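Dear colleague,

Please find the structure below, for your records. My notes on it follow directly after.

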Amino acid sequence: MAKSNIFKGVAAALGLVLPVAAYMSVLAFDREGDVNLFLGITAGGPADVGKYKSAYESKDAYRAAEIDYEIRTIEEGSVLLRNENNALPLTKTNITLFGNAALRPNYHGGSGGPSNSGFSLVEALKEDGFSLNQKVLDKIEANGHQAGNKDIAEVDPSIYDPADMAGYKDAAIVVFSRYGGEENDLDLVDNDGVPELSLHEKERQTLEFVKAQGFEKVIVLLNTGYVMETSWIEEYADAALWIAFPGSYGFKGVAKMLHGSLSPSGRLVDLYPTKIESSAAMPNWGGFKFDDLVDLYHSEYLVYAEGIYSGYKYYETRYADLVQGIHNANAAKGSVASLGAWDYAAEVVYPFGYGLSYASFSKTLDSLTWDRASHKVEAKVTVKNTHASASSRHSVPLYVNVPYIENGLEKSAVTLIGYEKTDLLAPGASQTLTITADDYLFASYDASVDNAADPTKKGNYVFDEGDYVFAIGESSHDALNNALAKRGIGGLYDEAGDPTPGNPSLAHLEHLASRDLQSHAKNEVTGQVVSNHFQDVDVNHFIPGAVDYMTRADWNSYPDPVVGLKASDDASGVIRKYMTAFESFYEKPADAPDVSSFKFGQNNGKKFISMANVAYEDDEAWNSFLDQLSLQELAQIPGEKMANEAIESVSYPKNTSCDGPDGLQTAGVLHPSQTLAAASFSHELLKLRGQFLAEDAVYAGISMVYGGGCNMHRTPYSGRNFEYYSEDSNLSYLAGRDQGKAMSEKGLLGAFKHFLGNDQETNRHGVATFMTEQMLREGPARAFEGALTDGGAMANMGSFNRIGVVPTSSCRPLMTDLLRTEWGFKGISITDSSKDAKNYIFTADAITAGTTLFNNDSARSEEVRALLARSRDGYVWQQLRLQAKNFFYSYLRSNIVNGLSEDTVVSNAMEWWKVAIIAIDASLGALLLGALATYGVFLIKEKKKEAK
Amino acid sequence: MFGKLFLHKPLRFYLELCGGLLAVIASIIFFALDRQVLGGNIRFDDSSYITLIFLIAGGALSIVDAFFPLPFLGIVTAILFGLGLGSHLRLACFPLADVTNPAPFFTGDKIVAGNATTLFFTFLILFAILALFIVIANFLPAKKKQQN
């Protein structure tokens, strides 16, 4: 081979490799946040110095405390659904495990945060002294695989052999699991051809096998972050325990509960229906498309036709009307398990708030006051452990039954408004709890009235005249029965259908003589008028009569699927305008300030850390600080990349962010799923969750986590229910408040997500989400409100859906009017990963609506730069400065300030891997040039030789 | 006359001709499928037209070089193939960074996402093989050795 050909080939090879390497370099730089997290390169301040330093002496000490906390969360959050004849705790230890999930459990759902792994159930049981039937475990090992999307992966029950059971019949522990996650709702028809949350045939056969073997006890563990259909438990199991996704160390707690050294004390955060399709939200769950729109992310919709009656509020309210014989509550419409006239006991297996314990408790409602001036309800409840030997904690939820005015505002017959939990109570011990609740949590939003504080505006939270009955009980249903008994209503029955008189002594009645529009006409904290902002989130606003929302006035209004909507039926053209927008719909306002009114690149001597104690309202100081930013630096801020670059002009150090909410992605411990933490009904545990996430963060060098999760469990089929608190917006409010406050106090910016209305994964990108303003305020918004107001969380993450037809991150009524003005939020609003949403979440629209950062999308900075430099749009510039202020104000309250002083010099030093990549690319370039030159030389020589 | 174009051609000729022709055809097919699968809606992330431009240009030059070999043309062809392949690889690999946080490829629609991923990785392999043809061709002489 001629030498010229060799070097030509080498040059060609290098010519091929160099551009490929360059493109890969671009990709790595684009995703530098991910690369840094993968390599463990983070940017936070030191863990042992500063305002937000760790509370522990060492990482080992905090990890040990964290594991104790994980185990306690499992204990207090797991829900004992059944315990016949004290089947639990187990006193004998030779046991056989059944079910694929016994060996291959799910520690976590398919979403952000640490990986789906942990200390296994098998290891935990052995550690706790159980002797396991290895023959059966070996067969499960040989015949199963990990569950996945649409695949419960249950092993074929034919692998179980009666001959293998000898010596291990003290108890059978059957573990069933369900798995879902991001972009992965569970399926109404899964790989087995049945609803994924129902009992599958292989599972039934397993239970039948177990039943036939004569085990002393049969225990079922539900390893699922989702409600399952569980009417079979009574037939097959002596005891059943819901353990959700238990995280890295949760199975240690499960083993201890099975053995009795710990006692479960959780309560259900969702009602368990007999058939899940009976939920009033289910007819309108899934995929719906405008008949006359076609484009991806621009054509789908979802209608919350159930109105305010999601989850238990539907079943309990219909029950309350049923026992009173009103509103056609016994109609067949909506009956699924009832087979005819609607019947609560047939439709419901376990009510919201249900949960047993190894101990037993008596309760007395000592007193209850509703202070109308302070807006506080205060109940004193004495709890006594009446069990002979078992110790346990016990939570006491407080509910209210509010007056319903015929054909008036929609009202749930029972609403959770607060809770407290006892310490560990020994047999015979008692404790008096004081439960405090804000009456805002049971005011109803009336969009049709003039606001009492500003009659020029419509909309007001109201208390209708009538009787308000506050009640406690063993579940929402039990509390409702107690409240109804207090009202003198008879014909009551429990969830099993057994008659009960109710216990009026556990209820307290307050009478309101006239309608109250004053109490919550303004926000209690900000003093801002609370009025309509979301009338156009109701599709009837655009297409009158398009949807009949379910009303308590007639239960025949149980929703049908809302199909066949057409954008062309909207005479205003607004639906089509927003749904089909592929370009920004932002329009520069006529009164936009001139760009010359803004300064940049000034040297005012103000460093980032010097603003730590400057009030948010001190515009002069903040403007002086912001004037120092160059255009480049101002534009740099919105383009988040799981990190933000340092800003040298104001000595702002680089920060790192990561995904959550059940732990810090790549850097933290996998916590038990958030829904299980909420099931503890414990303010203390939610605070501890926030604190330990913050401890994880300070050691990992992370300042913002995308979590907690505050979307609603609108239906059990939403793939991310495990990382959201509950179907109940007030429980989410309270849990988010506790967790958010703890995170903030320890310097972790918790970006509570996904704000808002992302209550299913199907079509989450760009789906138009329609509901009434009452529903929005009392449901999806309320679920976030605790974290983002009282909780003081300094961040939120937007959702991919639209609110009405406007993408949430671009919806000014949501992102500014409600969030920042009405609620007084001063923190960061970050989009969900906006690289996946660039064709409908547009840069200028989102910034001017109130969005601060674009998640994992540094390319947005280029667009912002263009808006500032080329368009010279003063309004965008003004809004960008406002968001920059929110950004700095928030990060001043994060662990990034640990160890930071006026003398600290910050710089954008390049990470080692970037240097390495550039060096490799440069080397390849040099080699290519060398090869080209050498090829040229040999080519000339060979030509000369040929010529000779 | 047409037949003379293919007489006594070395292996390099066939590698360049096949590589070039297949690159042009495959990149057009890919682009058309890409439009169909993604509906042409992905405006920022979907820069598959860059792949199309580079691979058509590279393929065309490869065909020219097969018939009319010039000293540096094969290297230019390889560079164009590298640019096309790099662009395509970047598109295909973009979602790999989301593996631990299983965000979909471009879209929220599982079917579309699955199809798009399959589409991109199938053509990635094809383009890589064709690029290899071009590199190998550059090691080979432009003319067949004369038989004595």
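A:Pro661 sits in the loop that runs between strand S22 (655–659) and helix H16 (674–678) of chain A. The model is a predicted one, and in it the peptide bond leading from A:Gly660 into A:Pro661 is cis, with omega near 5°. Another cis peptide bond joins A:Lys753 to A:His754, with omega near -5°. A:His754 belongs to strand S24 (residues 749–755) of chain A.

A:Ala244, which is not a glycine, has phi near 50°. Its place is the loop between strand S6 (239–242) and helix H9 (250–259) of chain A. Is A:Ala244 buried or exposed? A:Ala244 counts as buried, because it has 30 C-beta neighbours inside 10 Å and the cut-off for a buried residue is 20 or more. For A:Asn328, also a residue other than glycine, phi is near 55°. A:Asn328 is located in the loop between helix H10 (312–324) and helix H11 (344–347) of chain A, and with 18 other C-beta atoms within 10 Å it is partly exposed.

As to the domains, chain A is divided into domain 1 (8–41 + 911–947), domain 2 (79–263), domain 3 (347–532) and domain 4 (627–897). The centres of domain 1 and domain 4 of chain A, taken over C-alpha atoms, are separated by 40 Å. Seven residues of domain 1 of chain A are in contact with nine residues of domain 4 of chain A. On the domain 1 side of this contact, helix H2 (residues 32–39) of chain A gives the most, with six residues. By class, that side has two nonpolar, two polar and three charged residues.

With kind regards

How values were computed: Residues are numbered from 1 along each chain as its sequence is written. Chains are lettered from A and ligands numbered from 1 in the order in which they are written. This is a predicted model: local features need pLDDT of at least 70, side-chain atom pairs count only at pLDDT 80 or more; totals for chains, interfaces and linings use all residues. Domain bounds come from an automatic or database domain assignment. Two residues are in contact if their C-beta atoms, placed from the backbone, lie within 7 Å. Helices (H or I, at least four residues) and strands (E, at least two) are DSSP runs, numbered from the N terminus. Ala, Val, Leu, Ile, Met, Phe, Trp, Tyr, Cys and Pro count as nonpolar, Asp, Glu, Lys and Arg as charged, and the others, Gly among them, as polar. A residue is buried if 20 or more other C-beta atoms lie within 10 Å of its own, exposed if 12 or fewer, and partly exposed in between; C-beta atoms are placed from the backbone.
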